[in-house]
Amino acid sequence: LMLDIFLATLLLVIFGFSALIIAGWGICRRYVTDPIGTFSHLIARLRGGERSARLPRFSVREFDRLARQWNALLNFRQSAESHQQIFSTIIENVPVCIEIAMPDGRIEYANPAYQRMCGRPLMEIVGKTPAQFLRSENMDPVVLAEAEEHIHTGQTWQGQVTSRGRDGEEKVFDMFLQPIKNRDGAVEKVVAVRQDITERIQYEQELLHAKQKSEAADKAKSDFISRLSHELRTPFNAIIGFASIIHNQQMGRVGNPSYIEFASLIEQSANGLLTTINTLIELSRLDQPASKRGDGTMDPASTVTRIVRKLSDQAEARNIEVLVHDELDGAGLLCEELHLQTLVEKLLSNALKFSHNGDSIGITLKRDDKHRIVLSVRDTGIGMAPDDIAHITEPFFQAANGATRDHEGLGVG
């Protein structure tokens, strides 16, 4: 009996232990071996090139958290690889020269544009310094020393360098150097970007040369006009004087009345031509540099009043009233007085020329909301077409209508 009890107990223990082992194996498989197998399968899929493979969610909190972190790492890696591919494509196809070098100048990478610029394949560039195949005798040593100093101190640098390729052609580059530091702050790499600006430099030089030639030609023109005008003004003054003497019969009576009329016409025509000559002289003076004219502070109101008095005979002859409204309270203006005199005289002359008999002209001096002095001349004359207003500052422009052709002028007012 005792033996039977012992055997029964032993069987129960063996059965219970077996059940415990089976249950433990199921639990271990569900919560340990299956997740580990899933991880192993994922790694195999990634090694096989399946970049989109990800871990599923797990019922075990620790494995589930690990799966989420693993998936996030894979997503970050995929995004980084995508960005790396984009940046690589840009660097390989961008039309500027890019090189990556060690702090001592030895090149580790050069993009295709750099290779074309050097006229060498990548295998002939890597491990060498740019000075071995790009150095030009026209390279400024001061600029080169400055660039090297910035690299050694870990600072960015930008400047112009001169280089000579395998074909011997010398070119000018706009160069940018960016040191890359490690965690300790030491320079590990240097990224250099070069852009060929040779054609731009040549274009700027040609443009500057053309500008200098244009300025020289313009000065010669102004000098010629000034000399010619002075040479013409002297004989015209004599013609006007002699015509006035004949017209006024200051040296005795002229027998034929027609001669008096002819002398008057000569005097009027000569005065018109003299006015034109004086205008040309004024233009040549306005073209002179400011240092030769003498800028200073002056009273704009007194200048306007003086010009109004000067042209008062023309206004009275046509019964035109000229009113001046001064709202400046004695404020001064820093400018060249000749400019202001010419400006006011031309504006008022045009207003008188194109106004009708008996009209009125108003000249106003005031400040705007930005404290700038504003000079306005308002008349009730024939006016201008809207399309002509945009051209009023162009030299020698005249509105092409019948009314303006009834009046003399060069179009410089």
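How much space lies in the second largest pocket? About 540 Å³. A pocket here is an open set of points on a 1 Å grid over the protein atoms alone, where a 1.4 Å probe fits, with protein on both sides within 12 Å along at least five of seven lines; lining residues have an atom within 4 Å of a point. The volume is the space filled by probe spheres set on the points, which are joined across faces, edges and corners.

A word on the source. This is a predicted model: local features need pLDDT of at least 70, side-chain atom pairs count only at pLDDT 80 or more, and totals for chains, interfaces and linings use all residues. Residues are numbered from 1 along each chain as its sequence is written, and side-chain values use heavy atoms, without hydrogens and water.

Back to the pocket. Its lining has 27 residues. Pro130, Leu144, Glu148, Met175 and Arg194 lie nearest the centre. Helix H6 gives the largest share, 5 residues. Helices are DSSP runs of H or I, at least four residues; strands are E, at least two; both are numbered from the N terminus.

Now Arg194. Its side chain meets that of Glu99 in a salt bridge, 2.9 Å from N to O. That term means a side-chain nitrogen of Lys or Arg within 4 Å of a carboxyl oxygen of Asp or Glu. Arg194 sits in strand S5 and Glu99 in strand S1, 95 residues apart. Arg194 is buried at 5% relative accessibility. Glu99 is buried too, at 3%. Buried is under 20% relative accessible area, exposed over 50%, partly exposed in between, with a 1.4 Å probe and protein chains only.
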